Amino acid sequence: MSRKKEQRHYQIHTYEDGNTVRRLEAAPDYHEERRKRKEERRISEQKRRRRRAARRNRERALKMNAGYVAFLSACVGLVALTAVAYVDLQSDLIIRQRAIEQLEGEISDLKLENDAAYKRITSSIDLKEVRKQAKKLGMKYPSQKQIVYYSIDNADYMTQYAD
């Protein structure tokens with residue numbers, strides 16, 4: 001090459017960055033690239049093996065023998081019987097609750113009837129007539145000696161025993 005060509009070639013293919021010396025770039029490590037490729041191949045092979053194993057497991061899972069089918073059928077039957085028993089118990093419970101509500105309603109009606117009958121009876125009694133009949137039979141008012149007073153301490157009832 002001539003000097004001019006060499007100088008032009010130098011100017012075209014070189015880059016000057018101030019007054020510092022550049023560091024040399026390291027040569028590519030072909031061993032590292034091979035190692036990475038081997039690692040990638042190993043990982044892809046593992047993935048392939050796992051996929052094959054998963055496919056085989058799925059195929060095995062889809063195959064059912066007679067014992068397994070019988071076991072599953074028994075389980076389904078047991079669950080169905082339990083559900084039927086549960087629904088039956090729930091219906092019995094509802095029937096009993098309705099019967100209890102009906103009986104409570106009857107009790108309430110009977111209490112109302114009893115209260116009405118008691119008021120009717122107490123309002124129909126003529127106390128003056130009772131007093132007349134008592135005098136005819138010889139009854140009289142009690143004397144002071146016959147009256148006994150009791151004191152009750154914070155109780156809503158008391159028990160009396162005869163002497």
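Q: What does pLDDT tell me, and where is it lowest and highest here?
A: pLDDT is the predictor's confidence in each residue, on a scale from 0 to 100. Where it is low, the predicted coordinates should not be read in detail. Here the protein chain averages 83, and 77% of the residues score at least 70. Confidence is lowest in helix H1 (residues 3–13), with a mean of 60, and highest in helix H3 (residues 66–124), with 94.

Q: How many helices and strands are there?
A: Helices (H or I, at least four residues) and strands (E, at least two) are DSSP runs, numbered from the N terminus. This chain has four helices and zero strands, so its pattern along the sequence is simply α-α-α-α.

Q: How much of the chain is buried?
A: Buried means under 20% relative accessible area, exposed means over 50%, and partly exposed is in between (1.4 Å probe, protein chains only). Of the 163 residues in this chain, 1% count as buried. Take helix H4 (residues 127–136): the count of buried residues among its ten residues is one. While you're there, look just after H4, where glycine 138 takes a positive phi of about 90°.

Q: What is the accessible surface of the whole chain?
A: Accessible areas come from the Shrake-Rupley method with a 1.4 Å probe; for residues, only the protein chains shown count as cover. For this protein chain the total is about 17300 Å², and 56% of that belongs to carbon and sulfur atoms.

Q: How many salt bridges does the structure hold?
A: A salt bridge is a side-chain nitrogen of Lys or Arg within 4 Å of a carboxyl oxygen of Asp or Glu. The structure holds six. One of them joins glutamate 32 to arginine 35, with the closest N and O atoms 2.4 Å apart.

Q: Why are glutamate 32 and arginine 35 separated by about one helical turn?
A: Because they are three residues apart in helix H2 (residues 30–62). Glutamate 32 is partly exposed, at a relative accessible area of 28%, and arginine 35 is partly exposed too, at 48%.

Q: Which residue does glutamate 33 pair with?
A: Its partner is arginine 37, and the closest N and O atoms are 3.8 Å apart. Glutamate 33 has a relative accessible area of 37%, and arginine 37 has 41%.

Q: Which salt bridge does arginine 42 form?
A: Arginine 42 bridges to glutamate 39, with the closest N and O atoms 2.3 Å apart. They are three residues apart in helix H2, about one helical turn. You'll also find a network of salt bridges linking Glu45, Arg48, Arg49 and Arg52.

Q: Which residues form the nonpolar patch on the surface?
A: Patches are made of residues with over 30% relative accessible area and no salt bridge: like charges are joined within 9 Å, and nonpolar side chains (Val, Leu, Ile, Met, Phe, Trp, Tyr) within 5 Å. The nonpolar patch here is Met64, Tyr68, Val69, Phe71 and Leu72, with about 480 Å² of accessible area together. Tyrosine 68 is found in helix H3 and is partly exposed, at 41%.

Q: And which residues gather in the patch of positive charge?
A: Lys and Arg count as positive and Asp and Glu as negative, while His and the chain ends are not counted. The place of a charge is taken as NZ of Lys, CZ of Arg, CG of Asp or CD of Glu. The patch brings together Lys47, Arg50, Arg51, Arg55, Arg56, Arg58, Arg60 and Lys63. Arginine 50 lies in helix H2 and is exposed, with a relative accessible area of 58%.

Methods
Residues numbered from 1 in each chain as written. Predicted model: local features only at pLDDT ≥ 70, side-chain atom pairs only at ≥ 80, totals over all residues. Heavy atoms only, no water.
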